[in-house]
Amino acid sequence: MAGQFVISLDFELLWGVRDHSDKQAYGQNVLGARDAVPRMLELFAARDIRATWATVGFLFCETKDELMAALPAERPSYTNPRLSNYTYLDEVGKDERSDPYYFAASLVDAISKTPGQELGTHTMSHYYCLEDGQTLAAFEADLVAAKALADLRSASLKSIVFPRNQFTAAHLEVCARQGITHYRGNPDGWAYRAAKGSEQTLAKRALRLIDAYSGVLGAQTFVPRRDGLVDVPASRFLRPCAGKLAAFHPLHLSAIKRGMTEAAKAGRGYHLWWHPHNFGRNLDANMNGLRLIIDHFAFLRDRYGMTSLAMGDF
């Protein structure tokens with residue numbers, strides 16, 4: 001069997017970081033993401049790359065009126081209210097033109113019109129499944145609202161990426177009930193185990209950082225697993241080329257390419273993921289890094305028959 005190269009993107013704009021940041025601190029990354037998405041789509045289309053865009057439901061909206069009309073009656077009741085993106089609705093602007101941080105209907109349309117691209121869900125509100133105070137009922141209401149918004153744009157959501165990679169078997173059962181068939185599981189190992197924010201210790205973060213640049217925890221290739229839903233587990237987070245670690249980015253890309261090669265030779269999967277806003281600063285350098293990865297995939301496709309798949313293709 002040929003190996004599979006999988007890409008998924010957590011498309012969230014400011015909704016993905018609002019619990020710990022704002023426009024002043026992270027706005028440049030968010031606006032940069034709006035430039036990054038069309039350039040990624042152009043590259044994917046030119047190189048026949050399939051990808052899953054796991055999109056926060058709020059981004060499907062073009063106006064605040066549309067957003068407010070789509071909100072579920074039952075909302076998350078986190079112990080820490082800062083975690084709830086419903087807390088920040090008052091600061092949302094009138095529409096996408098006046099507030100490019102919180103709306104992305106035009107980008108969602110661009111994704112849906114680009115060949116080979118799958119629109120998935122990142123939940124309606126960037127829902128945190130493991131944080132204190134959340135309930136399965138609120139999660140299901142959130143997911144139902146996300147699917148309803150997608151339906152209005154003729155997008156059928158079959159794949160889910162859980163925000164902050166938080167989920168349990170019970171959340172998967174809810175997804176199955178709502179017609180979701182595929183999800184992005186976590187890589188193997190203690191450092192990558194699903195956990196709430198307070199359990200993401202310095203030791204876990206440090207080990208993930210070391211692994212990103214060295215591959216010390218292994219290639220994390222996979223064979224998709226079916227247990228109700230199809231698990232298409234992550235292999236590696238594509239870190240941005242920015243800041244103090246920019247000089248080490250070639251090591252990171254090398255670790256990714258080694259993993260891709262191992263997957264191609266063994267007929268297994270390799271799943272790369274990132275956020276468009278990770279490319280928001282230093283966009284040219286990040287796009288160049290992505291092109292190197294795509295070039296390596298093309299080599300593996302020609303030599304070993306590796307294929308490009310979206311999550312829902314499994």
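Which residues in the largest nonpolar core touch the most other members?

## The largest core

The model described here is predicted. In its largest nonpolar core, which holds 82 residues, the members that touch the most others are Phe5, Met40, Phe44, Trp53, Trp274 and Leu290. Helix H1, spanning residues 23-46, supplies the largest share of this core, with 9 residues.

## Helix H1 against helix H3

Helix H1 packs against helix H3, which covers residues 105-113. The angle between them is about 10°, and their axes are 10 Å apart. Angles under 35 degrees count as roughly parallel, so H1 is roughly parallel to H3.

Which residues of H1 and H3 make the contact? On the H1 side they are Arg34, Val37, Pro38 and Leu41. On the H3 side they are Ser106, Leu107, Ala110 and Ile111. Sorted by class, the contact has 6 nonpolar residues, 1 polar and 1 charged.

## An exposed loop residue

Asp90 sits in the loop between helix H2 (64-70) and H3. Is Asp90 buried or exposed? Its relative accessibility is 75%, and a residue counts as exposed when the value is over 50%, so Asp90 is exposed.

Asp90 can also be placed relative to Lys64. The two residues are 26 apart in sequence, and their C-alpha atoms are 10.0 Å apart in space.

## The chain as a whole

How many helices and strands does the protein chain have? Its secondary structure comes to 8 helices and 10 strands. Along the principal axes, the C-alpha atoms fill a box of roughly 50 × 40 × 40 Å.

The chain has 314 residues, and a compact globule with that number would have a radius of gyration near 20 Å. The protein chain has 18 Å, which agrees with that value.

Of the 314 residues, 57% are buried. Among contacts with a separation of 6 or more, 77% are between residues 24 or more positions apart.

Technical notes: Residues are numbered from 1 along each chain as its sequence is written. This is a predicted model: local features need pLDDT of at least 70, side-chain atom pairs count only at pLDDT 80 or more; totals for chains, interfaces and linings use all residues. Side-chain values use heavy atoms; hydrogens and water are left out. A nonpolar core is a set of buried Ala, Val, Leu, Ile, Met, Phe, Trp, Tyr and Cys residues joined through side-chain atoms within 4.5 Å. Buried means under 20% relative accessible area, exposed over 50%, partly exposed in between (1.4 Å probe, protein chains only). Helices (H or I, at least four residues) and strands (E, at least two) are DSSP runs, numbered from the N terminus. Axes are lines fitted to C-alpha atoms, for helices over the stretch in contact, and angles run from 0 to 180 degrees between N-to-C directions. Angles under 35 degrees count as roughly parallel, over 145 as roughly antiparallel, 65 to 115 as roughly perpendicular and the rest as oblique. Contact means heavy atoms within 4.5 Å. Ala, Val, Leu, Ile, Met, Phe, Trp, Tyr, Cys and Pro count as nonpolar, Asp, Glu, Lys and Arg as charged, and the others, Gly among them, as polar. The radius of gyration is taken over C-alpha atoms; the globule rule is 2.2 Å times the number of residues to the power 0.38.
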